[in-house]
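Me: Could you take a close look at the charged side chains that pair up here, and tell me how they sit between surface and interior? I am new to this, so please take it step by step.

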Amino acid sequence: MTTHSRREFLKMSAGSAALRLVTPVAFTSSLPADTGEPGSSRIVPFPLSSVRLGPGIFAEQAETNARYLDSLTTDRLLHSFRLTAGIPSGATPYKGWEDPTCELRGHFNGGHYLSAAALASATAGNSVLKARGDEVVGGLAQCQAKNGNGYVSAFPTTLFEHLQEGKPVWAPFYTYHKIMAGLLDMYVLTGNTDALKVAEGMAQWVDGYFEGISDEQRQRMLRTEYGGMNEALVNLAALTKKQQYLDTARLFEQPSILDPLAARRDELTGLHANTNVPKIIGAARMYEVTGDRRYRRIAEYFLEEVLTARSYAIGNTSLDEHWTTPAGELKGSLGWTNAECCVAYNLMKLERLVFGWMGDVRWMDAYERSMFNCRLGTQNAQGLKQYFFPLATGYWRAYHSAEDSFWCCTGTGVEEFAKFTDTIYFHRGSDVYVNQFIASTLDWKEEGLKIVQSTAFPREQGTTLRFTSAQPKMRTVHVRIPSWTTAAAEVKVNGRPLEALADPGSYLAIRREWKDGDTISVVLPMELRTEALAGDDTVAAALYGPLVLAADLGAGPTDGPSKIIPDGSTVPKGLAKADALPKAAGADWVTVESAGELRFKAGAEGAQYDLLPMYKVPDQKYGVYWQMRDGKKNLNS
Ligand SMILES: [Zn+2]
């Protein structure tokens, strides 16, 4: 153990890290998932710059998000970073979780903001946000130079000393991770090389910080939320091919979390959901970079378990931010504080990684479920985002304030709404995977191939893909046939129906020589069904295709503190008790009024309700779950 005080040690540590011998190593994969990898056996996403959204709800939502990001100014974002580094700043600080007294300050301003700016630049060519991102990177580089030890944060190292000393502290590494991830996104997605240098300095500071700390003490420290530190460091190792960062990534591994998952044991009850999903994303990246299959088993089991035994119909999990009930037992867990939005963001990130290993359609079905039901709709017209997703009856959506909240979910929200294109198409070699039905254009320059996907999905029950190519080429196009569709699903190539059709819940592989002007048209009939709450088959949600339907329960608040939460708190004050679940009445209690307009009716005891897809509910009070008279008498039984 070192005999220096923690404060002296932190000042010295970066110097010693910089002198360390850096050994290049052979990685099984040198690239992070988002950059693609021709020739690999993995199915990988296309670079974000090669996919553009077409007209429709996703493009509109992305623009609203970009306008919100554009309303924030770099001097205000950098304020606390500058003060911490001893650089004067007269800017007005943002508030909430970015207040100069908040222990998480910097998580959004120097982290999520950078990721979102990089994503908006890569997915939509947003040059204004790219320039703002560059300014913030420049500001962080200045702060790092002034700090002189690699450290970059909007709070001083005292919080890291508290972590080491076991004193109360919120989550310093959580915030540090967001900043590293933002810098890496600016490097990978926009080519800002200064961002990579700053991230490397930050990683070296971490290495020095843990020097002299025993394994036992480190494990105690890891009980405090640390975001995806392991993921950021493994990504840095892959990008730079430097072994030292992989070693630093391993410092953030917790046997107490990973060992049970590796043994396929669910010991998640009582744990904080959003603290733990990023650790598993880090494990998934460790598998991709090191080839160690234990990490893969951990990620696959975790995802399967959380999605099947711990998730709600909307495709998200948790109550009061935790897994509060035993696996498979969500009975009695409907409230205001369900399904923190960050958790869906992180689960989807994990799903797209795990999908790449085997092409298992389940993960893309799950991705779609979350995308349409708990990501779309969680942003209002001003670009403000939701934190919790109430699932008890009679509640409504509430959003953060523009400048006085800056929740974690503000951060993951601005990222999510800037990256709708990232999972629509994947490829393996020259074969293409069509995963999501979103109007968009794939421009695959290396292959001289363009695919334009035209669809008003989910108002339209299907999609059309048109190919433009310089040269005809033999390749396989894999089209997802979702598990929710019916045997009447149909795929036509150039207007002719295919004789064989893959079953719902699989990818249809169409191998042929694809020529300029070829089209694939896909019809995916939707039907009504119910899905019981895990552990209670007397409570169920109604779905139509991938869409969770919500009962319109009348006007909710449209402004004021119960709609726009004015500060850093995440639940409106003085919230009334939820209503009782409506009781479904009759065998065919839900009917389709208009498939094109996505309007439905539901019969309940003593009332009839209008139903609409959850994502189309902006202000009304709503109900997602129903009391079934008899658990066995669901729509699909
Ligand atoms: Zn959150």
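Reply: Let's start with Arg362, which counts as partly exposed because its relative accessibility is 41%, a value between the 20% limit for buried and the 50% limit for exposed. Please keep in mind that this is a predicted model. The partner of Arg362 is Glu304: the two form a salt bridge, and their closest N and O atoms are 3.9 Å apart. That still counts, because the cut-off for a salt bridge is 4 Å. Now look at where the two residues sit. Glu304 belongs to helix α14 (residues 293-309) and Arg362 to helix α16 (residues 361-375), so this pair links distant parts of the chain, 58 residues apart. Glu304 is partly exposed too, with a relative accessible area of 26%.

Next, find Lys473 and Glu447. Their salt bridge has its closest N and O atoms 3.0 Å apart.

Another pair to find is Lys445 and Asp443, which form a salt bridge with the closest N and O atoms 3.3 Å apart. Lys445 is exposed, because its relative accessibility of 64% is over the 50% limit. Asp443, on the other hand, is partly exposed, with a relative accessible area of 25%. How many salt bridges does the model hold in total? The count comes to 34.

For a contrast, turn to the zinc ion. Its protein donors are Glu340 (OE), Cys342 (SG), Cys408 (SG) and Cys409 (SG), at 2.1 to 2.3 Å from the ion. The angles among these four donor atoms run from 93 to 122°, and the site is tetrahedral. Along the chain, the donors follow the spacing E-x1-C-x65-C-C. Cys342 in helix α15 (residues 341-358) and Cys408 in helix α17 (residues 408-416) are 66 residues apart, and this pair links distant parts of the chain. Both Cys342 and Cys408 are buried, whereas Arg362, where we began, is partly exposed.

Key: Residues numbered from 1 in each chain as written. Predicted model: local features only at pLDDT ≥ 70, side-chain atom pairs only at ≥ 80, totals over all residues. Heavy atoms only, no water. Donors = N, O, S within 2.8 Å, 3.2 Å for Na, K, Ca; no water. Tetrahedral: all angles 85-135°; square planar, octahedral: opposite > 155°, others 65-115°. Helix = DSSP H or I, 4+ residues; strand = E, 2+ residues; numbered from the N terminus. Buried < 20%, exposed > 50% of the residue type's maximum accessible area, 1.4 Å probe, protein only. Salt bridge = Lys/Arg side-chain N within 4 Å of Asp/Glu carboxyl O.
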